[in-house]
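Colleague: Could you take me through this one and tell me what stands behind each label you use?

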Amino acid sequence: MSDIEKYENLVIGSGGAGKFVAWTMSEAGRRTAMVERRALGGACPNVACLPSKNIIYSAKVISLARRGAEFGLKTESLGVDMQTVQRRKRLMVEGLHQMHVDATTKSGAELIMGSARFVAPRTAEIELRDGGKRTIFGDRVFLDLGSRATIPELPGLAAAKPMTHVEALDLDRLPEHLIVLGGGYVGLELSQAIRRFGSQVTVIEAGPQLAGREDPDIGAALKDLFVDEGIEVLLETEVRQIEGRSGDRIRVHANDRHSKRTIEGTDLLVATGRTANTDGIGLELTGVQLDDHGYIKVNERLQTTSDNIWAMGDCAGSPQFTHVAFDDFRVVHDNLNGGNRTTKNRLIPFCMFTDPELARVGRNESEAQRAGIEYRLAKMPMAEVLRTRTVSEPRGLMKMLIAKDSDEILGFTAMGFEASEQMVAVQTAMLGHLPYTVLRDAILTHPTMSEGLNELLASVPAKRT
């Protein structure tokens, strides 16, 4: 073993939680090393959240342009240049990378580019990207290992060299016919974008609806949206075997509810879930234990089963959102500085950036029913919000769950134009433990999407007496 270097803080991974731990610890005068094996900043600014929203917005612009006549725009012809689409995204990623470089330099944290593997408790050997090795011991160790796209064990799938979101977001060509395995967030966002660029798209989902964790009416609304945009949606379809190679010719052999069938295309995207990056890095030598799904076991303060080692973000089993990873950082940081912050009962919002958006905070009907929670329901079509008339975006619905015997807001779901902005208003009320009547009776600006909350909540059924 090479000479061991000692640091007060060793951070493995520079994603949404790790980078803030490293920056704040270093700014506080503590000697801190941050190890990153691929891209500074982790997946979000480089190959995931922000690049995907960049590509999705390009697809939205193209979709609006195709509807140009509806808005009075005259065009003789329209075409898509995927290389220009990619150039805009790459310029954004380059700018984000420089922001991370500048922030790391300013903080004084030492960035080490390389792959870490633990060789003893709180001691990691780093195989440096530019060659050579270093061995570092941390008085405290923070794990922000992230996750990667899961590739299911299906006959022929690995040999087909399918794309994950990483490769799909870097396409500078247009697939002739993209087959997507998975009807969750990643699969739906990218399916719609690539269809709008001009590809034929087929989505294959094993479950009975798209967005399987959402209520059936939301799943049905998403399917209607996709079918209207010319996307083939195959539900309750189990893939049996893959033939061919993505980028050339692909055959997917599957069983649906009625029979066997074969779907042919040119490209294959796998979007069937995530796997924690906890294997192969020597965690068994640290005393850090994993759960049955490969995520690091943590308590509500994100402490692992080993003293002075914390885990944050995807690898700790946290909901897989960048905004949750940042809150994981706040939990760890506050507790190390005398606070008492935990992950218990966090109110976590999320948004799927299809067009229109799907946004939710709190419980939906399915979750409330499974938990045996009685509720009152207010529900209305988005078309009743007058703002949608001004932008010609009437598709979707919104609904809110109110406690049966009180005015507590239990949850809010919206699919529609600027649904995420409506969600923020509801989340704020929930965080403040305000009764739904505060939103119902508020004077909300006309014509905005949030104004629809007035009308929605005017329809809440009265309490039962």
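Colleague: How many residues in the lining of the largest cavity are nonpolar, polar and charged?

Modeller: The lining of the largest cavity has 10 nonpolar, 1 polar and 1 charged residues. The lining consists of Ile55, Met82, Gln86, Ala168, Leu169, Leu171, Arg173, Leu174, Pro175, Leu190, Ile194 and Phe197. By that rule Arg173 is the charged one and Gln86 the polar one. Please keep in mind that this is a predicted model, where local features need pLDDT of at least 70, side-chain atom pairs count only at pLDDT 80 or more, and totals for chains, interfaces and linings use all residues. Residues are numbered from 1 along each chain as its sequence is written, and side-chain values use heavy atoms, with hydrogens and water left out.

Colleague: What makes it a cavity and not a pocket?

Modeller: On a 1 Å grid over the protein atoms alone, a cavity is a set of points where a 1.4 Å probe fits but cannot get out, whereas a pocket is an open set with protein on both sides within 12 Å along at least five of seven lines; lining residues have an atom within 4 Å of a point. The count of cavities of 30 Å³ or more is 1. The largest cavity has a volume of about 80 Å³, the space filled by probe spheres set on points that are joined across faces, edges and corners.

Colleague: Which helices supply at least two residues each to that lining?

Modeller: They are α4 (82-107) and α6 (185-197). With 3 residues, α6 gives the most. Helices here are DSSP runs of H or I with at least four residues, strands are runs of E with at least two, and both are numbered from the N terminus.

Colleague: And what does α6 lie across?

Modeller: It lies across β7, β8 and β13, at about 165° to β8. Contact means heavy atoms within 4.5 Å; axes are lines fitted to C-alpha atoms, for helices over the stretch in contact, and angles run from 0 to 180 degrees between N-to-C directions.

Colleague: How do you know which strands in that region form a sheet?

Modeller: Two strands pair if DSSP finds at least two bridges between them. Strands β7 (residues 177-181) and β8 (residues 200-204) are joined by 5 bridges and run parallel, so they pass that test. The open sheet has 4 strands in the order β9-β8-β7-β13, with parallel pairing.

Colleague: What makes β9 and β13 edge strands?

Modeller: Both β9 (232-234) and β13 (267-270) pair on one side only. From one strand to the next, the twist averages 20°.

Colleague: Where do you find antiparallel pairing?

Modeller: In an open sheet of 3 strands, with the order β10-β11-β12. Its edge strands are β10 (238-245) and β12 (260-265). Ile242 stands opposite Val252 in β11.

Colleague: Back to open spaces: what lines the second largest pocket?

Modeller: That pocket has a volume of about 490 Å³. Of its 23 lining residues, the closest to the centre are Asn345, Arg346, Leu347, Met430 and Leu431. Two or more residues come from each of α8 (322-336), β20 (409-416) and α11 (419-431), and α8 has the largest share, 5 residues. By class, the lining has 13 nonpolar, 4 polar and 6 charged residues.

Colleague: Which peptide bonds are cis, going by omega?

Modeller: The bond from Asp355 to Pro356 is cis, with omega near 5°, and Pro356 lies in the loop between β16 (350-352) and β17 (357-362). Another joins His446 and Pro447, with omega about -5°; Pro447 lies in the loop between α12 (436-441) and α13 (452-457).

Colleague: Finally, why is the chain called as compact as a globular protein of its length?

Modeller: The chain holds 13 helices and 20 strands. Its radius of gyration, taken over C-alpha atoms, is 24 Å, close to the 23 Å that the globule rule (2.2 Å times the number of residues to the power 0.38) gives for 465 residues, so the label holds.
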